[in-house]
Amino acid sequence: MHVRKREVFELRADADVVAVRQATRVWAVEQGLSLVDQTKLVTAASELARNTVIYGGGGTATLEAFDDLPRRGLRLIFEDRGPGIADIEKALQDGFTTGMGMGLGLGGSRRLVNDFNIESKPGEGTRVTIARWK
Amino acid sequence: MERIPILRMGTFLLVTIQVDMHDRLATALQDDLTTRIAEVGARGVLIDISSLEIVDSFIGRMLANIAGMARVLDAETVVVGMRPAVAITLVELGLSLTGVRTALSVEKGMAILQASQQHAFTIPELDAPENEETDDSTEHARSQT
């Protein structure tokens with residue numbers, strides 16, 4: 001895999017979620033994603049960045065622009081050292097929420113991207129990786 | 001703290017969201033709008049989201065909340081100007097904004113609000129008693145006394 005550029009963003013508060021959203025948009029444009037694909041990826045990034053802040057107690061978002069011809073796109077990795085997710089299958093179901101959300105964040109984000117992977121251990125944290133390519 | 005301005009036009013309140021809102025700003029708008037509806041006795045709320053590049057589940061919930069609270073306070077809400085890419089994403093995300101009136105443009109949104117006003121004014125006439133025809137016993141008893 002050829003990663004053209006990579007950058008790590010801190011996710012601590014509301015404003016950081018906005019920063020990750022905006023960076024994702026700029027990078028998605030650079031990678032040549034269509035407007036609909038950009039919008040889907042930015043929306044998924046917003047959901048997952050918020051999860052990292054609210055449920056993970058903060059963490060990081062890593063953006064990677066990759067050129068694996070013919071696949072050219074963007075990979076985003078959200079990591080936290082929060083409480084983790086006990087039942088991942090359940091957490092991916094629409095309507096499941098432990099907090100004040102609508103329970104669409106995880107399952108909804110998965111529908112918006114080409115590739116979705118989640119690793120989590122109770123007590124150790126969560127890592128969600130998503131990718132969208134043209 | 002920064003706030004999204006709310007304009008008043010007659011009995012309507014107008015909001016144009018022109019910034020990438022962080023969550024607290026969205027929550028503040030929800031609170032401010034609800035307060036203003038009650039303060040001025042607004043009958044309609046128009047929210048222009050044509051500048052919004054995304055609507056995620058948090059913003060979607062805020063729009064649904066505003067429409068719900070406005071309804072309880074006897075005001076109609078119309079959300080206008082959603083971009084096509086945003087609409088596609090929103091539905092795929094799983095949000096259908098049930099209960100939120102939408103229109104393609106500010107002009108069409110205003111027309112909906114104005115029409116709902118005219119409808120509201122006609123209700124007293126529609127509800128006028130037709131006591132001759134009624135077979136409701138209490139109504140009947142009252143007309144005899």
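Q114(B) sits in helix 4 of chain B, residues 106-126, with helices being DSSP runs of H or I of at least four residues and strands being E runs of at least two, numbered from the N terminus. Q114(B) comes out as partly exposed because 14 C-beta neighbours fall inside 10 Å; the cut-offs are 20 or more other C-beta atoms within 10 Å for buried, 12 or fewer for exposed, and partly exposed in between, with C-beta atoms placed from the backbone. From Q114(B) to T98(B), 16 residues away along the chain, the C-alpha separation is 22 Å.

This is a predicted model, so local features need pLDDT of at least 70 and side-chain atom pairs pLDDT 80 or more, while totals for chains, interfaces and linings use all residues. Residues are numbered from 1 along each chain as its sequence is written, and chains are lettered from A and ligands numbered from 1 in the order in which they are written.

Over in chain A, there are four helices and five strands, and the order along the sequence is β-α-α-β-β-α-α-β-β. Strand 1 (residues 3-11) runs antiparallel to strand 2 (residues 59-68) through eight bridges, pairing being called when DSSP finds at least two bridges. In that pair, K5(A) faces A65(A) of strand 2. Strand 2 also runs antiparallel to strand 3 (residues 71-80), this time with ten bridges, and L63(A) stands opposite L76(A) in strand 3.

As for burial, 40% of the 134 residues of chain A count as buried.
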